Amino acid sequence: MTPAVFSCEKRHNVTYPDILHIVRTGQIRNDRHISTNSTVLGAQRIGWGLDRMILKDGHLFTILLSSIVYFALFVYCLFIRKSAGIVYHMALMACCSLQGLLSIGELLADGLEAKLFWRNLQQIPLYGSSVMLLGVIMSYMRVDVKVRRRTILVLIAVVAAYWILLFTDFLHHLIRREVWVEPYGRFERIGMSRMPLGWLFYLAIHSLSLWGLALLAAHYRKVVGGQKRQVILLVIAILCPYLLPELAKLLGGQLNISTSLLPTAIIFSYVMYFRKFLQMRPLAREKVLEHMSEGILIADERDRIIDANPAARELGLGTGGKLVGASLADLFAGLPDLKAACASGEQNRLEEEIGGKWFDVRLIPLRIRDERTGMLLIFADITGRKRAERELIRRATTDGLTGLSNRLHFFEKLQEARDVCRSSGKPLSLMVIDLDHFKSINDRFGHAAGDRLLVRFADLLRDAAERAKCTPGRIGGEEFAVFCPGMDGEAAFRLAEEIRLRAAREPILLAESGEAVAYTVSIGIAQLRGPDMTVESLYAAADNGLYVSKASGGNRTTPAERNA
């Protein structure tokens, strides 16, 4: 089907194109019926000066002024060409300026074919400006460079396909159904109806604005304070080309697309480059957060994660490392202290073990005018510090040779156990153990053999004590002790006999000579009795039983002779 082409109806009123035709040719256009020659005489008096003055009247002046402003912004971009996203902004300004000039060409052209040619040329910068505007927004949003470039290239390819179909539409008629000339203020422009494919391209290119709005809306939730106002400005800028022409119609006027884009260009230039609000802050945020060793989580007022830096993604939180969109309550379900701190909404600081590592976690509420708008969580890896602290504690509380509690730590734990058993009414027993004739073993086989003997017996003692839920320790050179919460004297005596008999049955073998070194132990036992019995008196009673065992020749267990 060949699309119908219509010209506008003949009029009796003189229009600007009539005057312009008279000025240029000195003749009345054949398709106009003008009853007087005064128009010809007036036009000839005005002469070619009218061609220049008319640009200051009506649409042409505003369109030309807009094009000049776009070009000025383009030139300004050349001076700040190292700024983030400036390439897309420069292309946007160039497209807008070119579109305005081509729009003037359409209004001044004579005849449908000439006007259609200029209208087709306009589509190149007009559709290109939508793509470049999305590129500016994606640059601001810090979308990955590869993703951004790939997206823009795909969109440019789509627009290029549209341009080819548009300029060859007279062959296949896939884009436009009908074209005609229609009045536009003092001038005339192209009117048209689209084919389905034409509507598809039209809607696709305008959906880029919706894409940009969606990106800004998502970013609005991540920012606070002045940045929220800046995002709102950009949203208004995107809506201007759609709202301003409708507003002009309500006021009885008309607004060209080139002019309606002017507020968009000015707002974007002002916000992103003149004031550099959005150029530096997102860049600084991205660079600082991405290179911080601390994990950073930012939650909104609903305690949902809206941003996370790479270090935070390596914490192992969430399902498959996905953090954005997760709630703090679900994220820290296995960390009750941290979960409670987040729920309180107050500033806090605590240490948590996550994935085998220790972190110093700082919670900082984000507030605007005393209203909580979110939460900042900072995870600093303190695993090295915790290991150093543990090593210091181990050295301060553990015997370096045997790995058992040293004398000071053993008696501190014994005091704690005594207080707990006294308040709960449970029994508490203490055994003191000494290796028999250890000095002679040292003198005969050497100190290395003596050390191996101490380590061997410590292992035996640890095994027996832990199975009985008791606590062993080394309290002297060859002297050991074990306290047993919840165990009375008789049960402690049976455990002590098990340890003594096992030690007698398990001599150590010297690696150098293969000689077996047998040894025995003597044990004294005491049970906590009476409310006034202290750790010192309990130990003295057990030590007294040890003395009796040693005096009796060793290799025996003796309960304390005096129980308080």
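**View 1. A nonpolar patch on the surface of the predicted model.** Here you're looking at Y220, I232, L233 and I236, which together put about 310 Å² of accessible area on the surface. Helix α10 gives the patch its largest share, 3 residues. Zoom in on L233, which sits in α10.

**View 2. V235, another residue of helix α10.** V235 comes out at 25% relative accessibility. That value falls between the cut-offs of 20% and 50%, so V235 is called partly exposed too. Which residues does V235 touch, once those up to four places away in sequence are set aside? They are L213 and L216. Have a look across to F268 as well: 33 residues separate F268 from V235 along the chain, and their C-alpha atoms are 9.9 Å apart.

**View 3. L216 and its contacts.** Skip the neighbours within four places in sequence, and L216 is in contact with I137, Y140, V231, L234, V235 and I238. L216 is also one of the residues that touch the most other members of the largest nonpolar core, along with Y70, V131, I137, I238 and F268.

**View 4. The largest nonpolar core, with 38 residues.** Which helix supplies the largest share? That's α6, with 9 residues. Elsewhere in the model there's a second, separate core of 33 residues, and L461, L495, A496 and I508 are among its members.

**View 5. Helix α21, residues 489-505.** This helix has 17 residues and runs 24 Å from its first C-alpha to its last, close to the 24 Å expected at 1.5 Å a residue. Its buried residues are G489, A491, A492, L495, A496, E497, I499, R500, R502 and A503. Two of these names, L495 and A496, also turn up in the second core. What do the buried residues of α21 pack against? The partners are the strands β9 (428-435), β11 (479-485), β14 (521-527) and β15 (557-559), plus helix α20 (447-467).

How values were computed
Residues are numbered from 1 along each chain as its sequence is written. This is a predicted model: local features need pLDDT of at least 70, side-chain atom pairs count only at pLDDT 80 or more; totals for chains, interfaces and linings use all residues. Side-chain values use heavy atoms; hydrogens and water are left out. A nonpolar core is a set of buried Ala, Val, Leu, Ile, Met, Phe, Trp, Tyr and Cys residues joined through side-chain atoms within 4.5 Å. Buried means under 20% relative accessible area, exposed over 50%, partly exposed in between (1.4 Å probe, protein chains only). Helices (H or I, at least four residues) and strands (E, at least two) are DSSP runs, numbered from the N terminus. Contact means heavy atoms within 4.5 Å. The expected span of a helix is 1.5 Å times one less than its number of residues. Patches are made of residues with over 30% relative accessible area and no salt bridge: like charges are joined within 9 Å, nonpolar side chains (Val, Leu, Ile, Met, Phe, Trp, Tyr) within 5 Å. Accessible areas come from the Shrake-Rupley method with a 1.4 Å probe; for residues, only the protein chains shown count as cover. A salt bridge is a side-chain nitrogen of Lys or Arg within 4 Å of a carboxyl oxygen of Asp or Glu.
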